[in-house]
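Colleague: I am new to this model and would like to learn how to read its features. Could you take me through a few of them?

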Amino acid sequence: MLECGLLFMLALVLEGLAVSLPMALRVPGNLLIALLPTLLWLLNSWWRGGYQSRLRFAATGCAVITGLLCNALCLPLIANVFEVHRWLPLADAVTRILGYSLTAGLTQALAVWFVVRFAVPRRELTERLDLLVCCRAAATGYILVVALDFTLVTGPTTSALAVHVFNQTAALNCVAIIVSHALAELYFRRELFLPMPMLVTALAAFVSGSAIPLVSGLENASLSALQPVSDTRPLFGSFYSLGLLLAVLVVFRFLSANAGAASAPAPDSDGSS
């Protein structure tokens, strides 16, 4: 997760120094930050040459398809059908957590699931790590579209955008890690508990969806009787996102490491293994 670490450091520096570019440089600077997760992913996962060429092409296809799906379906669904901006911000804490999990979180998890499940040929996958590569690629495509949409629609300051991009990247990487485990159980588990992939994907939706109100609450939590005006502290939310990502990574790395003994490649549709 080198990319997430670099994005966190960038958000920490820009927000800590309260960096704000002049208006003439804000748009190109913001576009560069919005593109940064994708550029870092390309540098780390593609040109580094750590994967076989077939897997790299499959991962690139996942990123492209998920980005198109996000732009054409996911964002309009969240904004215009679910209309989360109209009713969830005014709801109580439990409703916000459940509401964002069942709308934005579930949309993100299902987008990654369906793209990797149906766009990557089964013969391209030989081990659990391959699924993580493809799921992270799909998450990167989703992040790119979300970051560009936020940049072009709201026109945020440079530091605010860096924080937002990191939070989105951390949440979508959590989705990728969890969904890759669900797909690995489906593909490689010898004795599969049938509802398991569905339950794990639901967990991904909850983790990502609940992060939205929790991060927002931490960013605006500095309110007291002596200071009746809220003093926003975006880095509080970023530390939560970082902790959430590390926790998900540690837990599911442990689960994947202990699943090897009960795993075997599932047969292709033609019956060959």
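Predicted model: local features only at pLDDT ≥ 70, side-chain atom pairs only at ≥ 80, totals over all residues.

Colleague: How do helix α7 and helix α9 pack, and what is the angle between them?

Modeller: An angle under 35 degrees counts as roughly parallel. Here helix α7 (residues 158-188) and helix α9 (residues 234-257) pack at about 15°, with their axes 9 Å apart, and α7 and α9 are therefore roughly parallel to each other. The crossing in which α7 passes α9 is left-handed, and the contact of α7 with α9 has 15 nonpolar residues, 7 polar residues and no charged residues.

Colleague: How many salt bridges does the count come to?

Modeller: A salt bridge needs a side-chain nitrogen of Lys or Arg within 4 Å of a carboxyl oxygen of Asp or Glu, and by this rule the count comes to 3. One of them joins Arg136 to Glu3, with the closest N and O atoms 3.2 Å apart; Arg136 lies in helix α6 and Glu3 in helix α1, 133 residues apart, so that the pair links distant parts of the chain. Another joins Glu185 to Arg128 at 2.8 Å between the closest N and O atoms, and this pair links helix α7 to helix α6, 57 residues apart.

Colleague: Is Glu185 buried or exposed?

Modeller: Buried means under 20% relative accessible area, so Glu185 is buried at 8%, and Arg128 is buried at 14%. In the salt bridge of Glu83 with Arg86 (3.3 Å, N to O), Glu83 counts as partly exposed at 27% relative accessibility, whereas Arg86 counts as exposed at 57%.

Technical notes
Residues numbered from 1 in each chain as written. Heavy atoms only, no water. Axes fitted to C-alpha atoms, helices over the stretch in contact; angles between N-to-C directions. Helix = DSSP H or I, 4+ residues; strand = E, 2+ residues; numbered from the N terminus. Parallel < 35°, antiparallel > 145°, perpendicular 65-115°, else oblique. Left-handed = near helix turned anticlockwise from the far one by under 90°. Nonpolar A, V, L, I, M, F, W, Y, C, P; charged D, E, K, R; others polar. Buried < 20%, exposed > 50% of the residue type's maximum accessible area, 1.4 Å probe, protein only.
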